[in-house]
Amino acid sequence: MKAKVLLLSLMMAANGFAQGVIDVHSHIITPEFVYSLENEGRLLDEGFPLPKYNVKNHLKWMDEAGVQTSVLTLAAPQPSSAEVVRQTNEDAARIKKEHPDRFLFCAALPLPDVNAAIREAIYSLDTLKADGIKLATNIGGQYLGAPELDTLFSVLNERKAVVILHPHRPEPVNKQVMQQTPLAMQEYLSETTRAVSNMISRNLLARYNNIKVVVPHCGAYLPLAIPRMKSLTPVMQANKMVGEIDYEANLRALYYDLAGAHSPEVIRMLLTITTPDHLLYGSDYPYVAPQVLKQSLARMKDYLSKEPDLAPFREMILWKNAKWLFDQSEEKPSAETTATNMIVRIAEIEVFPQYLEEYLAKPISST
């Protein structure tokens with residue numbers, strides 16, 4: 001006997017299609033932060049002026065773009081004053097409290113003073129209820145992965161912290177090179193790759209495996225750097241230049257925001273070193289004009305809907321992965337189950353009951 005079956009496995013509400021985007025890459029720039037840099041003559045330390053910031057405009061852009069929640073982190077450069085770092089963290093905590101569900105924040109730390117950084121991390125995570133920690137690629141030449149930072153990473157590991165990275169000006173810096181090619185155009189990508197490679201070469205994220213690290217700007221050069229590191233590791237180990245490196249464990253700790261020059265091609269390149277459940281949306285607000293960011297997000301939504309190999313992961317990238325990362329009370333999104341749940345079969349068709357299971361298991365054509 002025939003059964004007339006309407007098969008519709010696009011689970012709109014259950015899969016969260018009404019959920020707003022979560023932006024894991026945005027910056028807080030307070031008047032006190034700007035004032036402190038101005039007093040030190042450091043406003044142009046990064047080679048370009050700081051944009052103006054206020055919460056009202058940030059919320060306006062979020063509402064217009066369809067961003068539900070933004071994760072705030074302190075912009076570069078690093079303040080010299082631990083008091084300014086503390087005040088910025090408290091300001092971010094206040095913004096989060098005043099706008100529930102709209103903001104999270106990752107606290108800045110007063111590095112290179114490791115002991116002060118540990119105290120601030122404990123205060124921020126335990127008292128201010130920070131959602132994570134923001135770390136610069138380097139502060140005054142102290143790069144992530146440096147042995148003196150192991151005690152800090154031990155504290156972050158105990159608290160299962162999420163760490164958001166951001167490139168800062170390299171130290172020491174060749175000022176002539178920086179003038180010819182501004183930091184944001186190239187060196188920021190080198191800085192990010194340098195810092196993450198340094199952590200991997202010391203097996204840091206495998207040793208402190210409760211920490212999850214968000215790498216900015218589409219992973220920088222890591223899709224190129226990691227295969228090279230892997231290929232050269234045996235030679236370096238034979239010459240006693242590096243120790244044991246558990247690449248699988250290190251890479252498992254890394255997540256990647258898509259702020260900057262995202263595209264289907266960039267995402268596919270990232271998927272050579274990670275999996276779809278490690279990709280996150282990022283805007284870089286307020287460093288890019290709101291209208292440009294709005295158009296960029298719309299373009300991302302469009303190609304994540306139309307590209308057959310990426311469409312199953314649209315909601316994961318736009319919000320599900322970030323939601324899990326900052327609230328691990330729920331089950332982690334799975335690329336496998338998401339691909340199954342997001343298959344669209346909208347057709348009123350005739351199916352014999354004995355063939356229904358086989359039909360549902362059949363791959364869906366993209367045409």
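**Before you start**

You are looking at a predicted model, in which local features need a pLDDT of at least 70 and side-chain atom pairs count only at pLDDT 80 or more, while totals for chains, interfaces and linings use all residues. Residues are numbered from 1 along each chain as its sequence is written, and side-chain values use heavy atoms, with hydrogens and water left out.

**Stop 1: the whole chain**

Begin by colouring the chain by pLDDT, the predictor's confidence in each residue, from 0 to 100. The chain averages 88, and 85% of the residues score at least 70. Now select residues 1-18, where pLDDT stays under 50. For that stretch the model has 44 contacts beyond four places in sequence; a contact means heavy atoms within 4.5 Å. Residues 337-353 also have a pLDDT below 50, and the model gives this stretch 47 contacts beyond near neighbours in sequence.

Switch to a cartoon view next. The chain holds 15 helices and 12 strands; these are DSSP runs (helices H or I, at least four residues; strands E, at least two), numbered from the N terminus. Of the 367 residues, 52% are buried. Buried means under 20% relative accessible area, exposed over 50%, and partly exposed in between, with a 1.4 Å probe and protein chains only. Among contacts between residues at least 6 apart in sequence, 78% join residues at least 24 apart.

**Stop 2: the sheet**

Two strands pair if DSSP finds at least two bridges between them.

Then pick strand E5 (residues 132-136) and strand E8 (residues 162-166), which pair in the parallel sense over four bridges. Leu135 has Leu165 in E8 as its bridge partner.

**Stop 3**

Select strand E10 (residues 254-257) and show its side chains. Which residues point one way from E10, and which the other? Leu254 and Tyr256 point one way, Tyr255 and Asp257 the other way, and all are buried. In a regular strand the side chains alternate between the two faces of the sheet.

On one pairing, strand E9 (residues 212-215) joins E10 in the parallel sense over three bridges, with Val213 opposite Leu254. E10 also pairs with strand E11 (residues 279-280), again in the parallel sense, over two bridges; there Tyr256 has Leu279 as its bridge partner.

**Stop 3: helix H11 and Leu270**

Bring in helix H11 (residues 264-270), which makes a right-handed β-α-β unit with E10 and E11. Right-handed here means that, with the strands pointing away from the viewer, the path from the first strand over the helix to the second runs clockwise.

Zoom in on Leu270, which lies in H11 and counts as buried at 0% relative accessibility. Leaving out residues up to four places away in sequence, Leu270 touches Cys218, Gly219, Pro223, Tyr256, Leu258 and Leu279. Leu270 and Ala220 are 50 residues apart in sequence, and their C-alpha atoms are 9.6 Å apart in space.

**Stop 4: the loop between E9 and H9**

Move to Ala220, in the loop between E9 and H9. Ala220 has a positive phi of about 50° although it is not a glycine, and at 11% relative accessibility Ala220 is buried. Select His217 too, in the loop between E9 and helix H9 (222-238). His217 has a positive phi of about 55° and is buried, with a relative accessible area of 14%.

**Stop 5: two cis peptide bonds**

Where is Pro172? Look in the loop between E8 and helix H6 (175-180); a cis peptide bond joins Glu171 and Pro172, with omega about -10°. Another cis bond joins Tyr285 and Pro286, with omega about 5°. Pro286 sits in the loop between E11 and helix H12 (290-306).
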